[in-house]
Amino acid sequence: GRYPDVIVELMSPSTARVDQETKKDIYEQIFRTPDYFVFDPFAANSLQGWHLESSQGYQPLVANERGWLWCESLGFWLGTWSGTIDREEAVWLRFYDTQGSLVLLPEEAERQNAQAAEQRAERLAQRAETAEQRAETAEQRAERLAERLRSLGLDPEEL
């Protein structure tokens with residue numbers, strides 16, 4: 001029996017009027033949804049949003065210098081991002097944190113974590129190789145020292 005705190009409508013020319021008028025009124029007056037956004041995926045600059053002020057109803061959100069709108073309910077910015085998702089190159093709506101960093105999709109976060117783990121494994125392998133090279137160098141020095149001692153008539157095992 002609980003209504004959503006955030007609604008993002010993806011509009012098309014055939015739904016734009018209903019999304020911006022009828023649905024907006026329903027979400028404001030009946031659902032009392034705190035944050036409402038509309039976006040036409042085929043019009044990159046079409047993002048609009050409203051935040052519900054209890055006594056004044058929906059108040060339009062003002063975009064920041066990047067064209068992003070603040071989503072009070074989530075504590076994130078909502079803005080456009082050009083890139084590829086599921087092999088589809090397009091302008092997408094994405095969330096950004098308070099520092100302006102893209103909030104990763106689960107598959108993006110998984111890929112980033114896998115890359116970080118791979119980089120850690122590579123660093124560990126490099127450290128192991130360096131340690132192995134140092135051990136070989138130390139062993140070679142010990143062998144040369146033992147040879148010198150033997151050439152002087154000394155038994156390295158007795159020292």
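## The bend and the model

The bend at a residue is the angle between two axes, one fitted to the seven residues ending there and one to the seven starting there. In helix α1, such a kink reaches about 35 degrees, centred on Lys23. Helices (H or I, at least four residues) and strands (E, at least two) are DSSP runs, numbered from the N terminus.

This is a predicted model: local features need pLDDT of at least 70, side-chain atom pairs count only at pLDDT 80 or more, and totals for chains, interfaces and linings use all residues. Residues are numbered from 1 along each chain as its sequence is written, and side-chain values use heavy atoms, with hydrogens and water left out.

## The annotated region

The UniProt record, in an unreviewed entry, lists residues 2-76 as "domain: Putative restriction endonuclease". Such annotations may be inferred rather than shown by experiment. Over residues 2-76 the chain is 21% helix and 32% strand. The end C-alpha atoms of this stretch are 22 Å apart.

## Helix α1

α1 covers residues 16-31, which makes 16 residues. Its end C-alpha atoms are only 19 Å apart. A straight helix would reach 22 Å at 1.5 Å a residue; the expected span is 1.5 Å times one less than the number of residues. Just after α1, Arg32 takes a positive phi of about 55 degrees.

Which residues of α1 are buried? They are Ala16, Asp19, Lys24, Tyr27 and Glu28. Buried means under 20% relative accessible area (1.4 Å probe, protein chains only). The buried residues of α1 pack against β1 (6-10), β2 (35-39), β3 (48-53) and β4 (57-60), where contact means heavy atoms within 4.5 Å.

## The sheet

The 4 strands form an open sheet in the order β1-β2-β3-β4, with mixed pairing. β1 and β4 are the edge strands, and each pairs on one side only. The twist averages 20 degrees from one strand to the next, taken between lines fitted to C-alpha atoms in their N-to-C directions (0 to 180 degrees). Two strands pair if DSSP finds at least two bridges between them.

β2 and β3 run antiparallel, joined by 4 bridges. Tyr36 stands opposite Trp50 in β3. Phe37 has Gly49 of β3 as its bridge partner.

How many residues link β3 to β4 in their hairpin? The hairpin joins them through 3 residues. β3 and β4 also pair in the antiparallel sense, over 4 bridges. Here Leu52 has Tyr58 of β4 as its bridge partner.

How values were computed
Buried < 20%, exposed > 50% of the residue type's maximum accessible area, 1.4 Å probe, protein only.
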